[in-house]
Amino acid sequence: MTVQRSRRITARARITGRWRIVQMALWDQDVVDLVQPGYIVFAGSSDGQFGFAVVEGWMDCAHSDLDGRAHVAFSWDGSDEGDAVCGRGWATQHEDGTLEGELCFHLGDSSGFVAHRDE
């Protein structure tokens, strides 16, 4: 049990911070950056938030170690042009530091994304 907890803490530490969404499968970058540059943030605990286009979301995260890489799965709720939306998603950090994942809208679209650490 201690080893599992230690791996979650290590994975969480590697992925914690602000990430710039640089690519989404369903939307061009100018749409992603419509209101502000697209981003996803993982806080030090189990929460986070993201924003792209006219979508804002607040996440409930579960961190883990997936084959030696930092991984996080999350549920989220938020708004899309003021309408309530929710969904789920995940993200995994690759060896080169890139974050790759997917954001899914409940009963709606699902889009892969790529993000780089926002310095």
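Ala-53 is buried, because its relative accessible area is 14%; buried means under 20% relative accessible area, exposed over 50% and partly exposed in between, computed with a 1.4 Å probe on protein chains only. Ala-53 belongs to the loop between E3 and strand E4 (55-66); helices (H or I, at least four residues) and strands (E, at least two) are DSSP runs, numbered from the N terminus. The model is a predicted one, in which local features need pLDDT of at least 70 and side-chain atom pairs count only at pLDDT 80 or more, while totals for chains, interfaces and linings use all residues. Residues are numbered from 1 along each chain as its sequence is written, and side-chain values use heavy atoms, with hydrogens and water left out.

**Positive phi in loops**

- Ala-53 has a phi near 50°, which is a positive value in a residue other than glycine.
- Asp-67 is another non-glycine residue with a positive phi, near 55°.
- Asp-67 lies in the loop between E4 and E5 and counts as exposed, at 71% relative accessibility.

**Aromatic pairs**

- A pair of aromatic rings is described by the distance of the centres and the angle of the planes.
- The structure holds four aromatic pairs; rings of Phe, Tyr and Trp (its six-membered ring) pair if their centres lie within 6.5 Å, and planes under 30 degrees apart count as stacked, over 60 as edge-to-face and the rest as tilted.
- One of these pairs is tilted and consists of Trp-27 and Phe-52, with 5.4 Å from centre to centre and 40° between the planes.
- Trp-27 lies in the loop between strand E1 (17-24) and helix H2 (29-32), and Phe-52 in strand E3 (residues 47-52), so this pair ties together parts that are 25 residues apart in sequence.
- Trp-27 is partly exposed at 24% relative accessibility, whereas Phe-52 is buried at 3%.
- Trp-76 and Phe-105 form an edge-to-face pair, because their planes stand at 90°, with the ring centres 5.2 Å apart.
- This pair links distant parts of the chain, 29 residues apart: Trp-76 is in strand E5 (residues 69-80) and Phe-105 in strand E7 (residues 99-105).
- Trp-76 is buried, with a relative accessible area of 4%, and Phe-105 also counts as buried, at 13%.
- Ring pairs link Trp-27, Phe-50, Phe-52, Trp-76 and Phe-105 into a cluster.

**Strand pairing**

- E5 and strand E6 (residues 83-93) run antiparallel and are joined by ten bridges; two strands pair if DSSP finds at least two bridges between them.
- Val-85 in E6 stands opposite Gly-78.
- The hairpin of E5 and E6 has two residues between the strands, and Glu-81 in the turn has a positive phi of about 55°.
- E6 and E7 also run antiparallel, joined by seven bridges, and Leu-99 in E7 is the bridge partner of Gln-93.
- Five residues lie between the strands in the hairpin of E6 and E7, where Gly-97 takes a positive phi near 95°.

**Surroundings of Thr-92**

- Thr-92 is in strand E6 and is buried, at 5% relative accessibility.
- The side chains of Thr-92 and His-71 make a polar contact at 2.6 Å; a polar contact is a pair of N or O atoms within 3.5 Å, where within protein one must be able to donate a hydrogen and the other to accept it, and residues adjacent in sequence count only if both atoms are side-chain atoms.
- Residues up to four places away in sequence aside, Thr-92 touches several residues, including Leu-66, Arg-69 and Thr-98; contact means heavy atoms within 4.5 Å.
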